[in-house]
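Visitor: I'm new to this. Could you walk me through what we're looking at?

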Number of protein chains: 2
Amino acid sequence: MNIGDAAKATGLSPKTIRYYESIDLVIGDRLTNGYRDYADAHIHKLRFVQRARSLGFSIDDCRTLLSLYEDQNRASAEVKNVARKHLEEIEAKIAELQDLQETLSHLVEHCAGDERPDCPIMDGLSGTLIEGPKNVPKIH
Amino acid sequence: MNIGDAAKATGLSPKTIRYYESIDLVIGDRLTNGYRDYADAHIHKLRFVQRARSLGFSIDDCRTLLSLYEDQNRASAEVKNVARKHLEEIEAKIAELQDLQETLSHLVEHCAGDERPDCPIMDGLSGTLIEGPKNVPKIH
DNA sequence: CCTTGACCTTCCAGCCGCTGGAAGCTCCAT
DNA sequence: ATGGAGCTTCCAGCGGCTGGAAGGTCAAGG
């Protein structure tokens, strides 16, 4: 199976599959013409990574999870640790965003939103009303 | 006021202040020795940006907000639009993360987390249990 | 047999918002 | 005069891809 079909089978883009190879995450075979070739085992791994990524696991976590996936003798505790740590990060992130949401929604609610220049949002940003979280979140 | 003091006064790092200059966001004066020099107006702008960033506004939003900040005749509606749009992004992000949280916490809860290899988390990642969001979030 | 076009290959650059580090300059206190 | 702190510029790297250029390969149709 060449990379285009592998892409369709996994929900990843060919670019992403090549990228995963370049970082030694999932490496397919090669045909004599230089084309990549993916067997079922590769497809399973790629799909595994796709799912882990869609749950927000980092590439590094995926690496760990893949090696546990391959390991017949793994302890489920190891998997659970990785997942729980990630879950905690997500929960922390949610809390952080909820803080922002609260501050912002207060500001937005109190802004008339008309043609006049007076604006509590601007006042908030100019003044010392805001004591937000230290780490600025990124929205993507 | 040189860049180090400006950094202390604004909560930004000197690096960040230089970066903001490099992207034409906030530009200070220069002394004859080449050192940057910041007056009160610059400090206010930098602090404004610092607060906007800590609320999660993008640099581009900051650019817009700064120009509204400078504009005596702005309509508060314009500010409100920027803020509301950002608020909506935050809310969308929260919803997305809550989806992940739910999926992940189910998986984690059902994993024994002992020395045996059987693991519902792995089953979830290998199988088709997960139909997560399309856009993978980033946690930072 | 030749062309077309879809696929494949590699490599380099860019996204965001900084941050680290190197190399070199200036200033101030001793 | 010297040392060290702080300033300057420039380049590279973080994560996780994505876009695009330049070129090789393959299968179908004329």
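**Domains, helices and chains**

Guide: Chain A splits into domain 1 (3-70) and domain 2 (76-126), with bounds from an automatic or database domain assignment. This is a predicted model, where local features need pLDDT of at least 70, side-chain atom pairs count only at pLDDT 80 or more, and totals for chains, interfaces and linings use all residues. Residues are numbered from 1 along each chain as its sequence is written, chains are lettered from A and ligands numbered from 1 in the order written, and side-chain values use heavy atoms, leaving out hydrogens and water.

Visitor: What area is buried between domain 1 and domain 2 of chain A?

Guide: Buried area is the accessible area (1.4 Å probe) that two parts lose on being put together, summed over both. Carbon and sulfur atoms give 78% of it for domain 1 and domain 2 of chain A. The total is about 510 Å².

Visitor: How do H1(A) and H2(A) lie relative to each other, roughly parallel or roughly perpendicular?

Guide: Helices are DSSP runs (H or I, at least four residues), numbered from the N terminus. Helix H1 (residues 3-10) and helix H2 (residues 14-22) of chain A pack at about 100°, the angle running from 0 to 180 degrees between N-to-C directions of axes fitted to C-alpha atoms over the stretch in contact. Angles of 65 to 115 degrees count as roughly perpendicular, so H1(A) and H2(A) are roughly perpendicular.

Visitor: How many residues does chain B bring to the contact with chain A?

Guide: Contact means heavy atoms within 4.5 Å. Chain B and chain A bury about 5400 Å² between them. Chain A gives 59 residues to the contact, and chain B gives 59.

Visitor: And how many salt bridges cross the interface of chain B and chain A?

Guide: The rule wants a side-chain nitrogen of Lys or Arg within 4 Å of a carboxyl oxygen of Asp or Glu. Across the interface of chain B and chain A, the count is zero.

How values were computed: Helix = DSSP H or I, 4+ residues; strand = E, 2+ residues; numbered from the N terminus. Parallel < 35°, antiparallel > 145°, perpendicular 65-115°, else oblique.
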